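Have the sequence and the model open side by side. The paragraphs that follow walk through them piece by piece.

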Amino acid sequence: MTSFPAQANRVRDSTLPPQRRLYALRECTLHCAPYGFRATWHHLVVSARIPRRLADDPDALVRAADELQRARDVVMPQVQEYAERRRREKAVGMRAPQAPPPWNSWGWCGIAYCPDPEHHPAGPLATVVQGVLNRYTAGITVDTHCLACGIERRRPGRACPTCGVHPDGPAARWRVPSTEERWRRIWRRDLGNRSETLAS
Ligand SMILES: [Zn+2]
């Protein structure tokens, strides 16, 4: 498996054909998907305005990679700090981790997992990820609040009605009906006027 930085370099390499750069962006998103892969992809298509015909605006791919990079830069220090603490705990004989942070138990991909690919927070990825980490550090739990947008949760076990983030992360059993057809449309960046509405 190639790394995020290597794939991001490919996305930014304007000598490569746009389609190859798109596939490199897909690899980046598989490495770094705060909303889960599909919802993160939808977010990037909208926020970076990735066109159906990539040749119309290949720089959109760079904007998308840059946004992923910023989100990754927010979370990686925390992931490394957690891993370091675990190493220290194991060294002194503590076998069971002290309640791992939820964002880390999912391998941090899916830190703000959204089961519906078209219902996710609208802000920049890095801002949302930082918000989740801040609320977690402040002792706010998913039992009472949505860590992504901060609203009080009234229905545990359901995706947040405001921002779409599910408190159970990728383990959430709730699935969106007819996702496959919608997903094909999102992958083709065939979002019609809706993308322009969301992007504005
Ligand atoms: Zn929310």
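Helices here are DSSP runs of H or I with at least four residues, and strands are E runs of at least two, numbered from the N terminus. P156 sits in the loop between α6 and α7. With a relative accessibility of 63%, P156 counts as exposed, because exposed means over 50% relative accessible area, buried under 20%, and partly exposed in between (1.4 Å probe, protein chains only). P156 and P167 are 11 residues apart in sequence, and their C-alpha atoms are 7.8 Å apart in space.

Some ground rules. This is a predicted model, in which local features need pLDDT of at least 70 and side-chain atom pairs count only at pLDDT 80 or more, while totals for chains, interfaces and linings use all residues. Residues are numbered from 1 along each chain as its sequence is written, and side-chain values use heavy atoms, with hydrogens and water left out.

How far can the predictor be trusted? pLDDT is its confidence in each residue, from 0 to 100. The chain has a mean pLDDT of 86, and 86% of its residues reach 70 or more. Over residues 195-200 the pLDDT is below 50, and this stretch has 5 contacts (heavy atoms within 4.5 Å) beyond near neighbours in sequence.

Now the metal. Which residues coordinate the zinc ion? The SG atoms of C146, C149, C160 and C163 do, at 2.3 Å. Donors are N, O and S atoms within 2.8 Å of the metal (3.2 Å for Na, K and Ca); water is not among the atoms, so sites may look incomplete. Along the chain the donors follow the spacing C-x2-C-x10-C-x2-C. C149 and C163 are 14 residues apart, both in the loop between α6 (125-137) and α7 (179-187). C149 is partly exposed at 26% relative accessible area, whereas C163 is buried at 5%. The 4 donor atoms subtend angles of 102 to 118°, so the arrangement is tetrahedral; for four donors, that requires all angles to lie between 85 and 135 degrees.

Turn to helix α1 (residues 4-12). Here F4, Q7, A8 and V11 are buried. They cover an arc of only 100° around the axis, so they lie on the same side of α1. The arc is that of the directions from the helix axis to the C-beta atoms. Their cover includes α2 (18-31) and α4 (59-91).

Helix α4 also holds R86. At 12% relative accessibility, R86 counts as buried. Its side chain makes a polar contact with the side chain of E89 (2.9 Å). A polar contact is a pair of N or O atoms within 3.5 Å; within protein, one must be able to donate a hydrogen and the other to accept it, and residues adjacent in sequence count only if both atoms are side-chain atoms.

Notes:
Four donors count as tetrahedral if all angles lie between 85 and 135 degrees; four count as square planar and six as octahedral if opposite donors are over 155 degrees apart and all others between 65 and 115; anything else is irregular. pLDDT is the predictor's confidence in each residue, from 0 to 100.
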